[in-house]
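Hello,

Here is the structure I promised to pass on to you. Have a look at it first, and then read my notes below.

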Amino acid sequence: MTASYLCIGCPLGCRLEVDDDPGGDILEVRGFSCRKGKEFAAQEHVDPRRSVTTTVALLGADLCRLPVKTAATVPKALVRDVCRALRAVRVIAPVQAGQVVLHDVLGTGVDVVATRAVAAG
Amino acid sequence: MISDRPHLLRSEYDVAIVGGGPAGLGAAVAAREAGAQRVLVVDRDTEAGGVLLQCIHSGFGLHRFGEELTGPEYAQRVLCEALDDGVDVVTEAFVLDVAADHALTIASPRHGVVTVQARATVLAMGARERTHSAIRIPGDRPAGVFTAGLAQRLVNIDGVLPGRRVAILGSGDIGLIMARRLTLEGVEVVGVFELLPHPNGLSRNIVQCLHDFDIPLHLSTTVVGIHGRDRIQRVTVAPVDETLQPLMQRAWEVPCDTLLVSVGLIPENELSQQLRLRIDPATMGPVVASTMETSRDGLFACGNVVHIHDLVDFVSAEAELAGRHAGRYATGQATPADNVRLLPGANVGYCVPHTVSTDRDHVVYLRVRTMFDPCLLRLRTPDGTVVHERKLRYVAPAEMVNLKLRPALLQGFHGDSLIVEVVPR
């Protein structure tokens, strides 16, 4: 079987194709123009994953929302649940960029970290 | 994003920069590297960083930093570079005027109205969004119609949702990003409607913002009516024919309490017009030389105020160029004037810079008018002699094309203008 994907690794947007056998083993990946594209196609075929960016509540600063991201990708099916889990999080300023705001979100082994510093207001 | 010595404002600078987004901050660092001792960045917001601060998604910096950063991370890097280099970054300050001798009139609550004398100035005010009134949608004028970037600010900075059931007009990247953003916040996005037969944003955003969340994209379809008394209640959408005229007999109603409009950006030109700079009607930004100098001596410009960029990485590259030449101008090492005019030819909407020099390397940014599969990017003289040709796999109006010009390519060319065109292969 051949499946096609569009690479989200960079703005080029390469059209990728993955051939697999009936057992689900990947036989060939085509259409990539870099190593990351080849890896993305293989990953997307068996276990699609995404990084998540959103904001969490911030207290004690001039800003009221703190932008955050997952420090690595999480399963695509969990993206909405990750955001839901982050609705309960409250962070108190000051915050450093990269500071962990939620450890091991939903048991994925991935931390959620702040993407900016905020001084105490 | 914290400065050690915020709000320091001297009375004299070598280079003064209007706008503290990635363009202004990048130009500041480059001006320092070119030898300018005192460099000032003035920004009207409460902190520098520009629109990147509300662009909390990732996708920035692949070219410049070799890794994928979020907007705030990219902003923090360029701000830290500027502050570490000893640049004065003054926020909550607004440049009212730039005199011919580079005396800047600045208004701020902290400093009042003051005059700062510079030797060179860089305009880096960025862009503003086109609004729905700019595209003239018929119907009522209720609350609930927002530009996509305003909605982005409301959600990401102010923590306020614009509505509960949202239709999006235009498939520009900000609209696509907001479709995902709102979905993640529990808002129902009923669809993205694009007038043209192809999406206006990057393909990666179609995939990761729409497909991932099953948000429908209706191509060759537009909003032809807005309905609601106090708050918007529904929009009428209709497919369009090849001439982009709506087919009203096939129109349908879409209930929604919010309409986001993502129909492009236009350079923030108030100051450029007030200074009577030459404006290119195609870019709607100032006409610039290869040094990014505008039609006024020692007044440079870079970033979205010149033309709308797809990627901040390209803004940073252009800012470096403008900052370097502003720094040189301010320290008495101005670069000689260009000797070749670049003219947009077949299928090319515009090219920037507007002039080049045969003795230096340049990167020319251009935008095509229509989509092409394999095609040729061609540089020719007005009488038809081809000077340079390059094969392109695919071009689209939504994706800026870069043309690297080296002196070797122009060997044997002695004219004073060159035409840039894109032709089918």
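Let me start with chain A, which has two helices and ten strands. Helices here are DSSP runs of H or I with at least four residues, strands are runs of E with at least two, and both are numbered from the N terminus. Read from the N terminus on, the elements of chain A go β-β-β-α-β-β-β-β-α-β-β-β. Chain A is more spread out than a compact globule, because its radius of gyration is 18 Å, well over the 14 Å that the globule rule gives for 121 residues. (That radius is taken over C-alpha atoms, and the rule is 2.2 Å times the number of residues to the power 0.38.) Along the principal axes, the C-alpha atoms of chain A fill a box of roughly 55 × 30 × 15 Å.

Before you go further, some ground rules. This is a predicted model, in which local features need pLDDT of at least 70 and side-chain atom pairs count only at pLDDT 80 or more, while totals for chains, interfaces and linings use all residues. Residues are numbered from 1 along each chain as its sequence is written, and chains are lettered from A and ligands numbered from 1 in the order in which they are written. The model scores ipTM 0.92 and pTM 0.94. For chain B the mean pLDDT (the predictor's confidence in each residue, from 0 to 100) is 94, and 98% of its residues reach 70 or more.

Now to where the chains meet. The contact takes 22 residues from chain B and 22 residues from chain A, where two residues count as in contact if their C-beta atoms, placed from the backbone, lie within 7 Å. On the chain B side, α2 (71-84) and α6 (203-210) each supply at least two residues, and α6(B) gives the largest share, four residues. By class, that side of chain B has ten nonpolar, eight polar and four charged residues. (Ala, Val, Leu, Ile, Met, Phe, Trp, Tyr, Cys and Pro count as nonpolar, Asp, Glu, Lys and Arg as charged, and the others, Gly among them, as polar.)

Chain B itself is divided into domain 1 (15-128 + 266-330), domain 2 (131-263) and domain 3 (340-424), with bounds from an automatic or database domain assignment. The C-alpha centres of domain 1 and domain 3 of chain B lie 26 Å apart. Their contact takes 13 residues from domain 1 and 14 residues from domain 3. On the domain 1 side there are seven nonpolar, four polar and two charged residues.

Two sheets in chain B are worth a look. Five strands form an open sheet with parallel pairing, in the order β11-β18-β12-β13-β14; strands pair if DSSP finds at least two bridges between them. Its edge strands are β11 (145-147) and β14 (217-218). Three bridges join β11(B) to β18 (residues 258-261) of chain B, and B:Val145 stands opposite B:Leu259. Helix α4 (residues 148-156) of chain B lies across β11 and β18, at about 90° to β11(B). (Axes are lines fitted to C-alpha atoms, for helices over the stretch in contact, and angles run from 0 to 180 degrees between N-to-C directions.)

The other is an open sheet of three strands, β15-β16-β17 of chain B, with antiparallel pairing. Four bridges join β16 (residues 234-239) of chain B to β17(B), where B:Trp252 is the bridge partner of B:Val237.

Best wishes
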